[in-house]
Amino acid sequence: MKILTSHEHQAPAEGDTRHVALANDADALQLPLEGVERIDLHFPQFTDGRAFSQAYLLRRRRGFTGDLRATGDVLIDQLVQMHRTGFSSAVLRPDVDASAAQRQFERFSRYYQADAVQTAPIFAVQP
């Protein structure tokens, strides 16, 4: 997962059809994906997890292969779950240390359950 600081992120411009910002109350199954390279999914506060569901739906049900970017109230303890649900990049809040965020991915090397990235459970994957 690519970790971005807030000054490295640029929101989609008005009328840009390659980069789209999807409201967290929008239906991800209805979004036209033709020509879309990046979709920004917003976390208005850390307790609002609707963007997790949107990411999973876009990856698994819609087959979106572009950049799914987490924006808003992104906390480092949520990054691993964001990656597992389909996010490929995340924009950190200005008060979050990027090196501390990257260390989150070193905590666990494998997961028993399947997810949006590893679509087969660990017992079904050959070593």
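Start by selecting glycine 49: with a relative accessible area of 32%, this residue is partly exposed, because the label covers values between the 20% limit for buried and the 50% limit for exposed. Bear in mind as you go that this is a predicted model. Glycine 49 sits in the loop that links S3 to H1.

Within H1, pick out glutamine 54. Is it buried or exposed? Glutamine 54 counts as buried, since its relative accessibility is 4% and the cut-off for that label is under 20%. Show the side chain of glutamine 54 and look for the backbone oxygen of alanine 26, which it reaches at 3.1 Å.

Switch to cartoon view for the strands. There are 5 of them, forming an open sheet with parallel pairing, in the order S1-S5-S4-S3-S2. The edges are strand S1 (2-4) and strand S2 (19-22), each pairing on one side only. From one strand to the next, the twist averages 20°.

Zoom in on strand S3 (residues 38-43) and strand S4 (residues 67-72), which pair in the parallel sense over 6 bridges. One place to look is phenylalanine 43, whose bridge partner in S4 is glycine 72.

**Into the core**

Finally, turn to the nonpolar residues. Which residues have the most contacts inside the largest nonpolar core? They are Ile39, Leu41 and Phe87, in a core of 25 residues. S2, S3, H1, S4 and helix H2 (79-85) each supply at least two residues of this core, and H1 gives the most, with 4 residues.

Not counting residues up to four places away in sequence, leucine 41 touches Leu22, Ala51, Gln54, Ala55, Leu58, Leu68, Arg69, Ala70, Thr71 and Phe87. That list brings you back to Gln54, the residue whose side chain you followed to alanine 26.

Key: Residues numbered from 1 in each chain as written. Predicted model: local features only at pLDDT ≥ 70, side-chain atom pairs only at ≥ 80, totals over all residues. Heavy atoms only, no water. Pairing = 2+ DSSP bridges. Axes fitted to C-alpha atoms, helices over the stretch in contact; angles between N-to-C directions. Buried < 20%, exposed > 50% of the residue type's maximum accessible area, 1.4 Å probe, protein only. Core = buried A, V, L, I, M, F, W, Y, C linked by side-chain atoms within 4.5 Å. Contact = heavy atoms within 4.5 Å. Polar contact = N/O pair within 3.5 Å; in protein donor to acceptor, adjacent residues only side chain to side chain.
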